[in-house]
Amino acid sequence: MNADTLKYNTTTKTAYFFGPTTIKSTSKEGGFIYCENGWYNTQTEKSVFGKNAYLLSKENKLQGDSIFYDRVEGIGKAWKNVFITDTLQKVIIAGAYAYMNEMKNTSFVTGKCSLIKIFERDSMFMHADTLYAKQDSLKKNKQYFAFHHVKIFKNDLQGSCDSLVYSSVDSIISFYKAPILWSDKNQLTANFIKLQLKNNQLYKMYLEENSFIVAQEDTLHFNQIKGRDMIGNFVENKLSTINVSGNGQTIYFIRNKKQQLTGVNKADCSDMNIYISDSKVRKIALKSQPDAVLLPIRDAVDSDLKLRDFNWYDQLRPKSKEDIYK
């Protein structure tokens, strides 16, 4: 321990330190602590650190206005302006209160908490009522859990659901209970959604059961794709192709060279491939026994304009990273 000013109580076996202080562990696991005031009981090995305090381990950094640490039990707690940084997974968890158990490889954060996943050119911001992290005993897989009122914001992807799990071993984010994703102009819903990352970029998206994609054509009309399951592929973080498996249906609006709305194309087909560029559907390939009809827009009735179970959730979409807290 190195401190600017150090006082030691021989009765309580407690050291009090003031000013810039560093504490280095001599154990095999290492460890480093910095603070500018606090105390350490040399008998119980419990301590409290304040003012610019942080704890460093091999993969994590814990920061907070006030930090409690029990070296014997491997328990750390932090209050106010709390940050837990996973330097290996490039993840930052922030909140008002944090608890970390080194023996069980678990931690959680509450109180206006957020998770920031750092990408090469961008970051994804996520908020939930509670954020929880757990690592297996071999330290090969780390999982992050978000519980209740989950919202995410990334410049090219936003989302909403009740609960979420991110696994480091396969880089898959799983969305549960009424999940919704927005990729540019496309709204994507299903009973279950999984988002896979590769090389720290969006790679694939899996929509399972009751999959539905909606894109607003104008204030009254919406392009729609519906099916049992869908797999979306990303190129440079942008949705590029979508493969629909089972019960495929589409409604797609047609415009003339003057960009006037002239018709609506309705198609039913078990399986289909959708090709997307500049955030718009450019081509739909119907793969087996298609049934399609093109109607003039003036002849279309309400049932021709919307598929069953259509919903537009734009009011739930986070428009900025600040919106994830609303």
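Which strands each supply at least two residues of the lining of the second largest pocket? In this predicted model, the answer is β18 (201-216), β20 (238-255) and β22 (280-286).

## The second largest pocket

Let's stay with that pocket for a moment. Its volume is about 310 Å³. There are 15 residues lining the second largest pocket, and those closest to its centre are E217, N223, Y252, R255 and K280. Strand β20 gives the largest share of this lining, with 4 residues.

## Rings in pairs

Now for the aromatic side chains. A pair of aromatic rings is described by the distance of the centres and the angle of the planes. The count here comes to 11 aromatic pairs. Take Y132 and F145: their ring centres are 5.8 Å apart and their planes meet at 50°, so this pair is tilted. Y132 belongs to strand β11 (residues 130-135) and F145 to strand β12 (residues 142-154), so the pair links distant parts of the chain, 13 residues apart. How accessible are the two partners? Y132 counts as partly exposed, with 27% relative accessibility, whereas F145 is buried, at a relative accessible area of 18%. The cut-off that matters for these labels is 20%, because buried means under 20% relative accessible area.

Next come F222 and F310, whose ring centres are 5.1 Å apart with planes at 55°, so this pair is tilted. F222 lies in strand β19 (residues 222-235), while F310 lies in the segment after α1 (302-305), so the pair ties together parts that are 88 residues apart in sequence.

Look at Y54 and you'll find the charged end of K61 sitting over its ring, 4.6 Å from the ring centre. Over at Y203, the charged end of K204 sits over the ring, 5.5 Å from its centre.

Key. Residues numbered from 1 in each chain as written. Predicted model: local features only at pLDDT ≥ 70, side-chain atom pairs only at ≥ 80, totals over all residues. Heavy atoms only, no water. Phe/Tyr/Trp six-rings, centres within 6.5 Å; stacked < 30°, edge-to-face > 60°. Buried < 20%, exposed > 50% of the residue type's maximum accessible area, 1.4 Å probe, protein only. Lys NZ or Arg CZ within 6 Å of the ring centre and 35° of its normal. 1 Å grid on protein atoms, 1.4 Å probe; cavity = no way out; pocket = protein on both sides within 12 Å on 5 of 7 lines; lining within 4 Å. Points joined across faces, edges and corners; volume = space filled by probe spheres on them.
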